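Subject: Structure for your review

Hello,

Here is the structure I said I would pass on. My notes on the packing follow below it.

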Amino acid sequence: MPDKPATVVAYAAGASLAAIAAFYVFAPTFFIDGENSYNTNDGRKRTIIGLSNPANDCFINSVLQALAGLGDLRLYLIKELHRRQLEGPEIYESIPPVLRKGEKADRIVGLQKGPVTKALKDMLDALNERPIYKKTISARPMIEALERAFNTRISRNQQDAQEFLQIVLERLCDEYHAAQRARLRFANPGQTEDPSTADSKPSHMTSASTEVTIGAREGFPFEGRFESHIQCQRCGFRTKPTVTTFVSLTLNVPQKSATSLDNCFDILLKSEEIDDFKCDKCRLTHALEWKKSKLSSSTTDKDRESLEKDIGLIEQALRDDPEKTPEGVTLPDTSLAPKSKIKKSTRITVFPKVIAIHLSRSVFDPGSYSTKNMAKVSYTQRLRLGGLLNEHWYKLLGVVCHKGSHHSGHYESFRRNHVYAPFATPDPFSAYAIASRYTSLVSSATPSPTMEATHGDGLNGSAAPPNGNSTTSLSTASLSTGNSRPTSNGVDGKDSRPPTQEDSVMSPVQRTDTQISKQIRTQDPIPGKFRRRKKSNDRWWRISDDKIKEARLSDVLSMQREVYLLFYELERPGDDSSA
C-alpha cells in the first residue's frame, strides 16, 4: 500500500465512490426483488402498475392484470417472440401454397406475424415493472392491436370479461398454430400442406378424433383437449371418441345457495345418462332384421338378390364401423328404429399448463330478463384434476371478480404477488456448479491407475486393494456420505450405516449413481446447496383499475359470491405444496 498520505486519501476516495456506485446500481434491484420490497426508505409502501379506466374498461383491465401474474404465459411469450426474431420475418410473411375454403392470404399472414402476441407481451412486461411510487398506464396499445387484428372496434356496451378473455386467448392460439405451420413449410419446402389436417384448424374448434398426447401442452399454455364418447346401454356399443380443444373452461354454477368448484367440475365431467337416444348400431341391427324378414317373404329373384346385397353391406358395416351408414342401402324410417339409454362420458386428455376457468352465472328465463346467479362458489388455492393414475395439481395465481347485477357492475382482480425464475434468480450459479460436479463424480468412479496410486499413497494413508482395482475415487467417497465432515479417524467422515445386501451386489458405479440420485431427490446433496425452498408468501394484490392494495389469501378465497374467472397454473417440481 502506498505510504504517502495524499495517495492514501485518493485510494480511499476512489473506493468510496466505487462503493456508492455499486450501491446505487445493485441496491434498488435487491430491495425491489427481495423480502423488503414492500416499503421504501421513506416508509411508503411499494405497489404495482395500475391501469387507467377512461371508458368503462374495467373488464379489460381486470383480465390483463390477472394474465400479468401467470408465469408460464410470460415464458411462452418470451420464447415465442424470441424464436420469431431469430428465424427472421421472411418465414412469417410467406403465403401458404394451399388455402382452405373461405380463407384469405392476408389473414393468414396476419396470424403468422403474431401482432397480438407481441402486444400482449409488451403489456404484461409493462404491468410487471416494480415501481417505487404509484404508476398508472393505459391498456390502449393492447386494445388497438386487437382492433387492428379483427378490423373492428371493441364494444364497451357488453363489458364481459369472459368474452374479452376468450377473444384474446383464441387469437393467441391461432397465431401460435399459424406460426407453427409457417415453420413447417419453411423446413419442408417441397411438401404440400394438407388443409384438412387437424393442426390447420383453429385450436378452439372441434376436430376429428385424433391421437392425443401429453406433449401437446408444450405449445400454447392455455390449450387443452377434451375427449367424449357415448356408450349404448342396450347393445354396449361405444362410439369413437370426439376430441375437442379448448383455451378456457366454462363451468355452469348450479342454482343453489352455495356450491364448490369441484361440484362445478363434476357437472362438466361426470357421466350423464340420456334416454330416448337412437344408437347407430341398434339402428343397423334393426335394419338387418327388417331386411331378413322381407327376404323370407320375397317371391321374385330380383328382390331376393337386392335384399341379400343390402344384408351383406349392413353386416359389413356392423363389423367395421356401425357409425357409418352403408352406401346404397335403404334403411327403415328413423321413427321405426328402437330407442335406448346411453351413457355420455367426458374427460380431459391434455391438461394445459394454465387453466382459465369461467364460472357461468347467467340465468336465462324466457319470461323475463336474464339474471345473475348469486350462489357462493367455494374454491381453494390448490386444484386437483385427473384420475388417480393421472392426477395434476394446479395452484391459484389469479382471480377476476364481478360486483353488481347481470347488466351492470364492476370488475376487479386479484393476483398473487410472487416472482420466480426466470424473472428472479437468487443463486444462478449453484445449479450449474453442482451439476458439473455430479458429471465429474460419475465419470471419476471408473477405476484408473492414477486413482489407485492416489489411494495407495493418499491423505489417509490407506493402501490400494490387493486386486489392483480401486473401489472408488476420493471425491466419490466424500460424496457418498452425503454430508462429509472431517473426523478424528481421517480426513473424510465415513458412512456409519452398515452395508446392505443391495450395496454388496452393486458395482461402484451403480452405487455412486444411486447415491447421487438419492441426494438429488432429497434436494440437499451438500450443505448450503439446493436447500428446501422457503414457504411461498401469502401476499396478493387487489386491483381495481388504478387502485391497488395488498391482500391476503383469506381475502381472495372469501370472494365466493363475486368470483367470475379463475386462473390456475400447473405446479412445478419442487413447488411448496402449501403455496
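The largest nonpolar core has 45 residues, and those touching the most other members are Leu64, Leu67, Leu120, Phe222 and Phe567. Please keep in mind that this is a predicted model. Leaving out residues up to four places away in sequence, Leu64 touches Leu51, Leu120, Met123, Leu124, Leu127, Ala139, Met142 and Phe164. Another core, of 32 residues, lies apart from the largest one; Phe246, Cys264, Trp540 and Leu570 are among its members.

Next, the helix pair. Helix H3 (residues 71-87) and helix H7 (residues 161-187) have axes that come within 12 Å and cross at roughly 35 degrees. The crossing of H3 past H7 is left-handed. On the H3 side the contact is made by Tyr76, Glu80, Arg83, Arg84 and Glu87, and on the H7 side by Leu172, Glu175, Tyr176, Ala179, Gln180 and Arg183. By type, the residues of this contact are six charged, four nonpolar and one polar.

Is His177 buried or exposed? His177 has a relative accessible area of 9%, which is under the 20% cut-off, so it counts as buried. Its side chain makes a polar contact of 3.1 Å with the side chain of Glu223.

Regards

How values were computed
Residues numbered from 1 in each chain as written. Predicted model: local features only at pLDDT ≥ 70, side-chain atom pairs only at ≥ 80, totals over all residues. Heavy atoms only, no water. Axes fitted to C-alpha atoms, helices over the stretch in contact; angles between N-to-C directions. Helix = DSSP H or I, 4+ residues; strand = E, 2+ residues; numbered from the N terminus. Left-handed = near helix turned anticlockwise from the far one by under 90°. Contact = heavy atoms within 4.5 Å. Nonpolar A, V, L, I, M, F, W, Y, C, P; charged D, E, K, R; others polar. Buried < 20%, exposed > 50% of the residue type's maximum accessible area, 1.4 Å probe, protein only. Polar contact = N/O pair within 3.5 Å; in protein donor to acceptor, adjacent residues only side chain to side chain. Core = buried A, V, L, I, M, F, W, Y, C linked by side-chain atoms within 4.5 Å.
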